[in-house]
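Let's take a walk through this model together. Have a look at the picture first, and then we'll go through it piece by piece.

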Amino acid sequence: MGTASMISGDEDSSFINTSRLNIMKYAGDGAVAKALFEYFFYVENDTKHALELATSAQKLTEKDKAQGQGAQDWWWSVQIALTWLRLGQPRTAEKYFRQALLIEPMLITYIGLGKVYVKLDQPLAALDICQKGLEKFPGDVTLLTEMARVQEGLQNMAVSVRHYREVLAQDSSNIEAIACIGMHHFYTDQPEVSLRFYRRLLQMGLYTAELFVNLGLCCFASQQYDMTLVCFQRAFAISSNENIGEIWYNLGHIALGLSDTTWAGQCFRLAIAGDNSHAEAYNNLGVLEARKGRSDLAIAFFQTAASLAPHMFEPFFNQAKIADSVGDLQNSYLIVQKALENYPDHADSKELFAKLKKHFEAL
């Protein structure tokens, strides 16, 4: 190892040449080993050497404990678990997190175990470990946020919002909690309430294109039309290549709300120009073309949307609807089943499927 004065003149070179380090030499020095591990793991993103260092350091601490010269360190067990989690081995990571809990219950261990169970698609186990963590660390914001995320993934929005409100009771400036509660109020037809939360984010100094888009949508839904386009103008002014497509797409919905289908079509085309993989924009363009009677062009848009986002049900349903209207019942019957695979509870797809099934049974 060396000081900053020993670094080479090449700015792209690493501060430490990891390939020339004697890992075992530094693993025995606790303070240096921990700093070196964090450099490997967080700066160089060198998971292999980080795991090697952490494993060596843990073996040395276990050896010292066996000789009665020290205690086992929970910190190394957690770091080994984090490296295995990054390497895509959640089961191995779970073993080391559990080992760290037996040595000493720490907040990062409960959070890590929660992430492991989320990665293993075991949301109930993640909620259970977070609840146990809250028993040790009451009111912790990180654990409450993790529980709120899991509940949101389970579509338990009422419980998720309750957890986010608990987060705000502990940390009134938590951006994620404010944004998620605002989103919940917007989708439960309370745009005025949602607007208060997004304005709070603006007052806190958050100045992003996404925030101005949300403000614009809330203003439009709450009939504050004078502010809607102003918010979108601000969003365009600070937009980037990554989000310009989303801004045009949302502005297209404003145009549809004003019944200006020509303007909406232009917005959706600009959304595709900004992001040529925007499946929702292709689908909406297909709907507009279908309303104009251009079935072939509409089907082309729907097929593109379905290929870009196979998880969406709308392109399949729209294709099936057009096929049914032109008399292609067999194709419509096959396509509507794909829509129902993606969204089994979609009422219009179920109605179309039942109608076609009844028709074929009568033949």
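A pocket is an open set of grid points with protein on both sides within 12 Å along at least five of seven lines, and its lining residues have an atom within 4 Å of a point. Keep in mind that this is a predicted model.

Now for the largest pocket, with a volume of about 440 Å³. It is lined by 20 residues, and the closest to its centre are Tyr 187, Val 213, Asn 214, Leu 217 and Asn 250. Two or more lining residues come from each of helix H10 (175-187), helix H12 (209-221) and helix H14 (244-257). By class, this lining has 11 nonpolar, 5 polar and 4 charged residues.

Next, hop over to a pair of helices. How do H7 and H8 cross? The axes of H7 (residues 123-136) and H8 (residues 141-153) come within 10 Å and cross at roughly 160°. Angles over 145 degrees count as roughly antiparallel, so H7 is roughly antiparallel to H8. Their crossing is left-handed. Among the residues that meet are Ala 126, Leu 127 and Leu 134 in H7, and Leu 144, Met 147 and Val 150 in H8. By class, this contact has 9 nonpolar, 3 polar and 1 charged residues.

Notes:
Residues are numbered from 1 along each chain as its sequence is written. This is a predicted model: local features need pLDDT of at least 70, side-chain atom pairs count only at pLDDT 80 or more; totals for chains, interfaces and linings use all residues. Side-chain values use heavy atoms; hydrogens and water are left out. Axes are lines fitted to C-alpha atoms, for helices over the stretch in contact, and angles run from 0 to 180 degrees between N-to-C directions. Helices (H or I, at least four residues) and strands (E, at least two) are DSSP runs, numbered from the N terminus. Angles under 35 degrees count as roughly parallel, over 145 as roughly antiparallel, 65 to 115 as roughly perpendicular and the rest as oblique. A crossing is left-handed if the near helix is turned anticlockwise from the far one by less than a right angle, and right-handed if clockwise. Contact means heavy atoms within 4.5 Å. Ala, Val, Leu, Ile, Met, Phe, Trp, Tyr, Cys and Pro count as nonpolar, Asp, Glu, Lys and Arg as charged, and the others, Gly among them, as polar. On a 1 Å grid over the protein atoms alone, a cavity is a set of points where a 1.4 Å probe fits but cannot get out, and a pocket is an open set with protein on both sides within 12 Å along at least five of seven lines; lining residues have an atom within 4 Å of a point. Grid points are joined across faces, edges and corners, and a volume is the space filled by probe spheres set on the points.
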